[in-house]
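I record what I looked up and the criteria I used.

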Amino acid sequence: MLCGNYQFSCHFETEAILPGYKGSTFRGVFGHALKKTVCALKLQECPSCILKQQCLYAMVFETPDARNSKAPAPPHPFVIEPPMTRQERYSPGDSFEFSLLLFGEVNQRLPYFIYAFDQVGKSGIGKRIGGKAGTFHLSQVRYKDQVIYSDHDQILTMPDAVDDLTLQSSETKTSTLTLTFLTPLRFKFDNRFVNQLPFHVLVRAMLRRISSLMGSYGNGDPAMDYKGLVERANGVRIAESTLRWFDWQRYSNRQDQAMQMGGLIGSVTYQGKLDEYLPMIEFCSKVHLGKQTAFGLGKFEILC
C-alpha cells in the first residue's frame, strides 16, 4: 500500500486561538477548502452527483465502497497529524508544523492537498478574533528529507517514489514491548468504547485497521491467521500501564452539535510471546489506530 507522509511548515500571519487538541479543527477546515478547490457542481450533494466517481473530494470524504475490501465502511485515505502541542494562543510570526498521511492512489493527487491547505491559511483557522480566524502562511512541504514545495518559487516537485507499506517480517526479538499513545486511542470492543487495553483487544483493533486499509488501498486483505493471532494474544499479559481516559470535544458542522471524543492516552507495557505481532504493530504505528484517525487520533510510539 502506498503511504506518503508529508510535513507542512507554516507560520501565523495574525493572532490565532486553537484548541488544545487541534486534529478536528485542521480536519474541518481542510475538508471545506478541498471541496471548494475541486468541486465542479457546487450545489450538488455528493451522493447524487454524476461526477462523484472521479471527484477527489468524494474520494476522500465520501469514501465509496472499495472493490477489494470486506470492510463495511472503508477508511478515509488520509490522516492529519496536527501540531503536537497544547499551545492555544499564537502571535503573528509563530511557527508550527503538521503532517499529512495519504494512502493509496490519492498520493498522485498531492498538489490538490497542498493547494487546499494553502487556501486554509488564507481563509483562517481557529476561534475568531475581531471577527476573523487566524491566518497563516504555508512556507514549505517536505517528503522525508526532500523539499517538494516552497513558497519561494511555488513549484511542486513530486517525490521520486512513495513508500510501499507492507507487513514486513521483523528480525527483532522481544518479550517486552511498550506502546505510548500520543493522541487518544478510540475504538469499540463488544460494542463499547474500551477504557483498558488487554493485548488481545489491541490485536483485534490492529487486524481491523490493517485489513480495511490494505483491502481498500492496497492489494486486498492480507493472508493472516486472524483467529489464531487473537487466540494467541490472550497469552500476552500487561506488565505495567499508565493508560487513562482523556476526553476532548469537537463541534460537528454536519450534525450541528458538540460531540465528546474521548480515548486512551499514556503507556502500556506487554510481556509474552510478541515476535509474530511486531510487523502488525510497526504497520499500525505508521497509519494510526482506532476510530477518527483522520483527526490524528490513535498515534503511538513503540519502545522494545
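How many salt bridges does a search of the whole structure find? I found six, a salt bridge being a side-chain nitrogen of Lys or Arg within 4 Å of a carboxyl oxygen of Asp or Glu.

I note that this is a predicted model, in which local features need pLDDT of at least 70 and side-chain atom pairs count only at pLDDT 80 or more, while totals for chains, interfaces and linings use all residues. Residues are numbered from 1 along each chain as its sequence is written, and side-chain values use heavy atoms, without hydrogens and water.

Entry on R142 and E97. I find their side chains in a salt bridge at 3.5 Å, N to O. R142 belongs to strand β8 (residues 136–143) and E97 to strand β5 (residues 95–103), so the pair ties together parts 45 residues apart in sequence. Strands (E, at least two residues) and helices (H or I, at least four) are DSSP runs, numbered from the N terminus. R142 is buried at 19% relative accessibility, and E97 is partly exposed at 43%; buried means under 20% relative accessible area, exposed over 50%, partly exposed in between (1.4 Å probe, protein chains only).

Entry on D118 and K122. I list this salt bridge at 2.8 Å, N to O. The two residues are four apart in helix α3 (residues 110–123), about one helical turn. D118 is buried at 14%, whereas K122 is exposed at 52%.

Entry on disulfides. I searched the whole structure for cysteine sulfur pairs within 2.5 Å and found zero disulfides. The sulfur of C284 lies 11 Å from the closest cysteine sulfur, in C3, which is too far for a bond.
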